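Please keep the sequence and the model at hand while reading.

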Amino acid sequence: MKRIACIGEAMIELSMEGDQAHLAVAGDTLNTAIYLKRSLPDITVDYVTCLGQDIFSKRIVDFIAANDLGHSNIRRIADKSPGLYAINTAPDGERSFTYWRSDSAARQMFSDADFDFLEQFDGLYLSGITLAILPQTLRLALLEWLNAAQIQVIFDSNYRPHLWEDRATARKIIAAFWQRADILLPSIDDEMDVFGETEAQVAQRFLTQAKSGALKRGARGPLSLGEPVVAQYEPVTEVLDTTAAGDSFNGGYLGALLSGKGQAAALQAGHVLAARVVQYRGAIIPK
């Protein structure tokens, strides 16, 4: 894959430190797009979303361009604005989020149900968040288009319960996209939550069905999917902020994999990058 589109919602991020808020730009698929581009500069990575025409939307587009991502497929909508979220971090590095995104411009993605412009890409990266903010009719239309298209699909379920109508809908849609995906990048906690399974059941399900990818398990390191890999992963001694840990793993893993490195090296690359990211505040660390 030489040209990849990452599809989703880019938002304004407020990272809280005491009473101070640090303004930044982030979003799960945008985070992965940036870390993928950094990991493999020779690849073309475009970001696909919808934004408004306000000053914060301009800030997001400028940020995307500054990170060497293509932005020609970002649609601008006059009467909409981007979503906003705030991060609060506990002493152990775990984070909680507060969102203002229920009427964000990104919810208008694919509103005309025309997906043919995606044929210019070799691969598409999307997540459960991408799907959750779309109406059910568009989720199903996108899935139907993907099932007929000759294009590689990379998927991370990234389950956020409050974005879905209900758990049953989320389970059905996510399961269908797992079936379509070529590279699968689930997280153990998300899968346990949405499917009500134990860790062992999640692992068995993906070891049985996955073509390739990685099951993320936090500090324990990833479980290889599609190809058996036995490896040790260095733990992180000091965690400051776990924001974008999974997103950065995806970017590091994909960057190594798409550069021609083997599965074992790609898993290590993803783990090492995620270990660096959790030692910084916010989703995007300095280059």
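Leaving aside neighbours within four places in sequence, Gly255 is in contact with Leu36, Ser39 and Leu40, where contact means heavy atoms within 4.5 Å. The model is a predicted one, in which local features need pLDDT of at least 70 and side-chain atom pairs count only at pLDDT 80 or more, while totals for chains, interfaces and linings use all residues. Residues are numbered from 1 along each chain as its sequence is written, and side-chain values use heavy atoms, with hydrogens and water left out.

Gly255 belongs to helix 8 (residues 245-258); helices (H or I, at least four residues) and strands (E, at least two) are DSSP runs, numbered from the N terminus.

The accessibility values are gathered here, with buried meaning under 20% relative accessible area, exposed over 50% and partly exposed in between (1.4 Å probe, protein chains only).

| Residue | Relative accessible area | Class |
|---|---|---|
| Gly255 | 2% | buried |
| Ala244 | 4% | buried |
| Phe110 | 6% | buried |
| Ala275 | 15% | buried |
| Phe117 | 29% | partly exposed |

Helix 8 also takes part in the largest pocket, supplying four residues, the largest share of its lining. Helix 1 (28-39), strand 8 (95-100), helix 6 (188-195), helix 8 and helix 9 (263-277) each supply at least two residues of that lining. About 930 Å³ of space lies in the largest pocket, a volume being the space filled by probe spheres set on grid points that are joined across faces, edges and corners. Of the 42 residues that line the largest pocket, the closest to its centre are Arg95, Thr242, Ala244, Ala245 and Gly246. On a 1 Å grid over the protein atoms alone, a pocket is an open set of points where a 1.4 Å probe fits, with protein on both sides within 12 Å along at least five of seven lines, and lining residues have an atom within 4 Å of a point.

Ala244 is found in the loop between strand 13 (223-225) and helix 8, and has a positive phi of about 70° although it is not a glycine. Asp68, in the loop between helix 2 (55-66) and strand 6 (75-76), likewise has a positive phi, near 65°. Most residues other than glycine have a negative phi.

Turning to the strands, which pair if DSSP finds at least two bridges between them, strand 2 (residues 11-17) runs antiparallel to strand 3 (residues 20-26) and is joined to it by seven bridges. Ile12 stands opposite Val25 in strand 3, and in the hairpin of these strands, with two residues between them, Gly18 takes a positive phi near 70°. Strand 2 also pairs with strand 7 (residues 84-89), in the parallel sense and over four bridges, with Leu14 opposite Ala86 in strand 7.

Among the aromatic side chains, rings of Phe, Tyr and Trp (its six-membered ring) pair if their centres lie within 6.5 Å, planes under 30 degrees apart counting as stacked, over 60 as edge-to-face and the rest as tilted. By this rule there are eight aromatic pairs. One of them, formed by Phe110 and Phe117, is tilted, at 6.3 Å centre to centre and 35° between the planes. Ring pairs link Phe110, Phe115, Phe117 and Trp145 into a cluster.
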